[in-house]
Protein chains: 2
Amino acid sequence: MPTAYIITVGNELLIGRVVNTNAAWLASKLTYLGYSVRRIVVVPDVEEDIVEAFREAMAKADVVISTGGLGPTPDDITNLAFCKALGAEPVVNEEALKMVREKYASRGYPMTEERVKMAMMPPGAVPLPNPVGTAPGILYETGGKIVVLLPGVPREMEAIFEGYVEPLLKSRGPPAHFSERVVTVRGVPEADVAPIIREVMRQNPRVYVKSHPKGLEVDAPLLQIHIYASAPTPQEAEGAVDAALKKLVELIKSKFSNAAIY
Amino acid sequence: MPTAYIITVGNELLIGRVVNTNAAWLASKLTYLGYSVRRIVVVPDVEEDIVEAFREAMAKADVVISTGGLGPTPDDITNLAFCKALGAEPVVNEEALKMVREKYASRGYPMTEERVKMAMMPPGAVPLPNPVGTAPGILYETGGKIVVLLPGVPREMEAIFEGYVEPLLKSRGPPAHFSERVVTVRGVPEADVAPIIREVMRQNPRVYVKSHPKGLEVDAPLLQIHIYASAPTPQEAEGAVDAALKKLVELIKSKFSNAAIY
């Protein structure tokens, strides 16, 4: 299964001012596209940290997606730091410059140094049109790896991903399909469900089963059990999670007659 | 300024099923306690990844906080992976075992292998009572560094942090105070505010200023500008952000008479 890394750039995430919904959104998208997201990393608006994050991600993952740091302000430096991670000199991409210029020109704003910066990327990169904001996304491919830099504003990030990145990954991506089920179990402590989960996973090696406690383990146990699998076809993925779900419910019922399962 | 790393463990974060609110909550707490959070890392429930994350974090940060993987299920392995990262054999901590046993005994549940696992930690670690759930937190200090392992259930994580970790960090921590202000600016594109922000930061080197676009850059620009600083006393931190805010508003008003600032 091909792997993905997500890099989210921004001090606002590291001071806890913003919850990282971008990472969750991208992680879900990549998972359903058949990628195993191995790591999400949040780094500050500091060149050295961004460079290091890209280098590590590109060494370890097949697909790398970053968010944040493509805008016009002084601390938007992800495009420049990415060039540094590649050991490349940033160049003004003419196609990107045209995209940026047209956005501002439509309202009579002139081009400035800050606006030109949004068109800078490594040689060979492809700008991805931003239908919502001004900063284009950046697509860069090297040695079979795909790297995509997206803006941090959620609407812009989502629009570029859905418009350009998702179709690309679908056309290149693995023949993998993701399927999941959730079942709620009331009345059995998580610690007592643990051996059952282990048994279900032993019998269904393709399936991952994980319990999430939502109640009080001892006094009022309530678990959400999450079952998921990836397989080459949707049918196989769904068949695998359904078989595991059936076994799980069967085992819980046989051992804990008082359990409520829904 | 001392640094912190946050490690959040859990496949549910990497498949995008759960938004990482724990990381944002901890990041905010650590920031207000005077720490510079340098990285947030999300890793799967895989020993090798957790070991690597702890090793890297302990090499780079003064304080390391992890969430997740302390419970009774087979994929709760953060305590064991942490031991491996230290090169230590996990031992059953008697004090932790007593905490776990008492929780279950109160409802007549016996101890099982899965429950004993929740009391395993490296030699020399201190268990932190969990007032909400069953798995104790783990405090480990080495070479001036503080490492804390917390459960992934938000209510449990928050209760242990506020009950034990926050007081500890306050007593040991830096004499640093964090202060922030937010101002909203309507009618000026972010790219035109950029040089003003650069000037404000140049004049106020202790202060960080960052703009977050909330509207449409070209057609209906709306910015939230976030100003923050850390300083040895609350007065200095507040004085610094207030001075920067005043300068920022003054410069925007003088350059963009149509801007609405509130």
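How much area is buried between chain A and chain B, and what share of it do carbon and sulfur atoms give? About 6000 Å², with carbon and sulfur atoms giving 51%. Buried area here is the accessible area (1.4 Å probe) that two parts lose on being put together, summed over both.

This is a predicted model, in which local features need pLDDT of at least 70, side-chain atom pairs count only at pLDDT 80 or more, and totals for chains, interfaces and linings use all residues. Residues are numbered from 1 along each chain as its sequence is written, chains are lettered from A and ligands numbered from 1 in the order in which they are written, and side-chain values use heavy atoms, with hydrogens and water left out.

**Stop 1**

Show chain A. Its secondary structure comes to 9 helices and 12 strands. Helices (H or I, at least four residues) and strands (E, at least two) are DSSP runs, numbered from the N terminus. The C-alpha trace spans about 70 × 35 × 35 Å along its principal axes. Colour by accessibility next. Of the 262 residues in chain A, 58% are buried. Buried means under 20% relative accessible area, exposed over 50%, and partly exposed in between (1.4 Å probe, protein chains only). Now turn to contacts, meaning heavy atoms within 4.5 Å. Among those in chain A between residues at least 6 apart in sequence, 70% join residues at least 24 apart.

**Stop 2: the interface**

Bring back chain B. The contact takes 71 residues from chain A and 71 residues from chain B. Select A:Ile15, A:Arg39 and A:Val218. Together these supply 11% of the area that chain A buries against chain B, more than any other three residues.

Between the two chains there are 24 residue pairs in polar contact, both residues at pLDDT 80 or more. A polar contact is a pair of N or O atoms within 3.5 Å; within protein, one must be able to donate a hydrogen and the other to accept it, and residues adjacent in sequence count only if both atoms are side-chain atoms. Strand 2 (residues 36–43) of chain A gives the largest share of the side that touches chain B, 7 residues. That side of chain A divides into 33 nonpolar, 15 polar and 23 charged residues.

Zoom in on strand 2 of both chains. The two run antiparallel and are joined by 3 bridges. Two strands pair if DSSP finds at least two bridges between them. A:Val41 has B:Val41 as its bridge partner.

**Stop 3: salt bridges**

Side chains of opposite charge can pair when their charged atoms come close. A salt bridge is a side-chain nitrogen of Lys or Arg within 4 Å of a carboxyl oxygen of Asp or Glu.

Select B:Arg17 and A:Glu180. Their closest N and O atoms are 3.0 Å apart.

Next, B:Arg39 and A:Asp49 form a salt bridge at 3.1 Å. This pair crosses between chains, from strand 2 of chain B to helix 3 (residues 47–60) of chain A. Buried or exposed? B:Arg39 is buried at 2% relative accessible area, and A:Asp49 is buried at 7%.

Stay in helix 3 of chain A for A:Lys60 and A:Glu56, 4 residues apart, about one turn of the helix. Their side chains meet in a salt bridge at 4.0 Å, N to O. A:Lys60 is partly exposed at 41%, whereas A:Glu56 counts as buried at 19%. Salt bridges that share partners join A:Arg38, A:Arg39, A:Glu56, A:Lys60, B:Asp49 and B:Glu52 into one network.

**Stop 4: strand 1 of chain B**

Select residues 3–9 of chain B.

Look at its neighbours. Strand 1 runs parallel to strand 2 of chain B, with 7 bridges; B:Ala4 partners B:Val37 there. Strand 1 also runs parallel to strand 3 (residues 63–67), with 5 bridges; here B:Ile6 partners B:Ile65.

Key:
Nonpolar A, V, L, I, M, F, W, Y, C, P; charged D, E, K, R; others polar.
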